[in-house]
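I opened this notebook to record what I looked up in the structure.

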Amino acid sequence: MKSGFIAIVGRPNVGKSTLLNRLVGQKLAIVSPKPQTTRNGILAVAHRDGAQFVFYDTPGIHKPANELDRHMLQTVVQTLKRADLALLIVDVGDPMSAGDRRALDIVKKTRVPIVVGINKIDTRSKSQILPIIAGYSEQHELAAIVPFSALTGENVDRLEGVLREHLPEGEALFPEETVTELPERFFVAEIVREKILRLTQEEVPHQSAVSIELWEEGEALTRIEASILVSRPSQKGILIGKNGDMLKKIGTSARKDIEQFLGTHVYLGLHVKVESDWRDNRRVLGELGL
Ligand SMILES: Nc1nc2c(ncn2[C@@H]2O[C@H](COP(=O)(O)OP(=O)(O)OP(=O)(O)O)[C@@H](O)[C@H]2O)c(=O)[nH]1
Ligand SMILES: [Mg+2]
């Protein structure tokens, strides 16, 4: 039996969360086309015959500009310290970028074995991918390099096989039924945040946070009230939208996903609150579990 902790790391937007969801076969981590989608370490266990993979999705590695960013980077470093293996994801469309090198430097410092995963190969031809693999092969410290597509699933089996080879021998670390240790309300807040990331633009997605204020499970319906935190009154206006249209759109879209996730009917109430510059406010970050 093989088992161990694998930290999925890399710069923002390379597809770490998309890969995590595919590896565990269900949507746990939120995904969006905007960078810095993931803010927390997200544990997800994949149970296989003869192996247990304990994956950690992590925030994208980028230069911190505020307290929230510093916390995110801290999360990456702490996760790497606990990991048996680092899976460094890069984007085939922009390999060896300054961001990738920065991420590689951070991983190297922790001295964990590194597997590089070159993602999004569905966007390039084979002849374009080979030189990129060759480029990474010159980095002597790497345990392996695997090209794949988290979106289509191409070569993800092979990636998993390579990770298995590099996992230590050991007994299962989690019971068979455990997929994650995070509570349902974390994922519900994340689903609301995913809709904000997808439906709003510019600074609004990155200056929004979601916290669950009320959770009441009834016979036929779960009643959930959540507040959306923003940094400025203008952002509140954008989130609410003309006649409340934007907030309605976010709410409807989130409720559908939450109902599917919880497997029950849901009433979702959303409220927008302004908390100026919350990303630099330790008290607020603490309340948000960040
Ligand atoms: N074409 C293509 N797009 C992908 C692939 N994997 C992920 N994406 C897209 O890339 C974008 C970012 O994906 P995420 O999974 O959120 O990326 P991430 O690395 O978790 O990003 P952060 O949480 O911000 O660090 C989304 O629009 C995904 O649909 C892939 O294999 N091919
Ligand atoms: Mg992510």
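**Entry 1: helix pair**

I found that the axes of helix α6 (residues 184-199) and helix α9 (residues 245-262) come within 9 Å and cross at roughly 140 degrees. Axes are lines fitted to C-alpha atoms, for helices over the stretch in contact, and angles run from 0 to 180 degrees between N-to-C directions. Helices are DSSP runs (H or I, at least four residues), numbered from the N terminus. The angle therefore makes α6 oblique to α9, since under 35 degrees counts as roughly parallel, over 145 as roughly antiparallel, 65 to 115 as roughly perpendicular and the rest as oblique.

I noted the model as predicted: local features need pLDDT of at least 70, side-chain atom pairs count only at pLDDT 80 or more, and totals for chains, interfaces and linings use all residues. Residues are numbered from 1 along each chain as its sequence is written, and chains are lettered from A and ligands numbered from 1 in the order in which they are written.

I listed the α6 residues that meet α9, among them Phe187, Ile191 and Lys195; the α9 residues include Ile250, Asp257 and Phe261. Contact requires C-beta atoms, placed from the backbone, within 7 Å.

**Entry 2: domains**

I read the domain assignment, automatic or from a database, as domain 1 (2-166) and domain 2 (184-287). Their centres, taken over C-alpha atoms, are 28 Å apart. Ten residues of domain 1 are in contact with 13 of domain 2.

**Entry 3: ligand 1**

I counted 23 residues around ligand 1, with Gly15, Ser17, Thr38, Gly60 and Leu151 the closest (C-beta atom, placed from the backbone, within 6 Å). Helix α1 (residues 16-24) gives the largest share of this shell, three residues.

Methods. Two residues are in contact if their C-beta atoms, placed from the backbone, lie within 7 Å. Helices (H or I, at least four residues) and strands (E, at least two) are DSSP runs, numbered from the N terminus.
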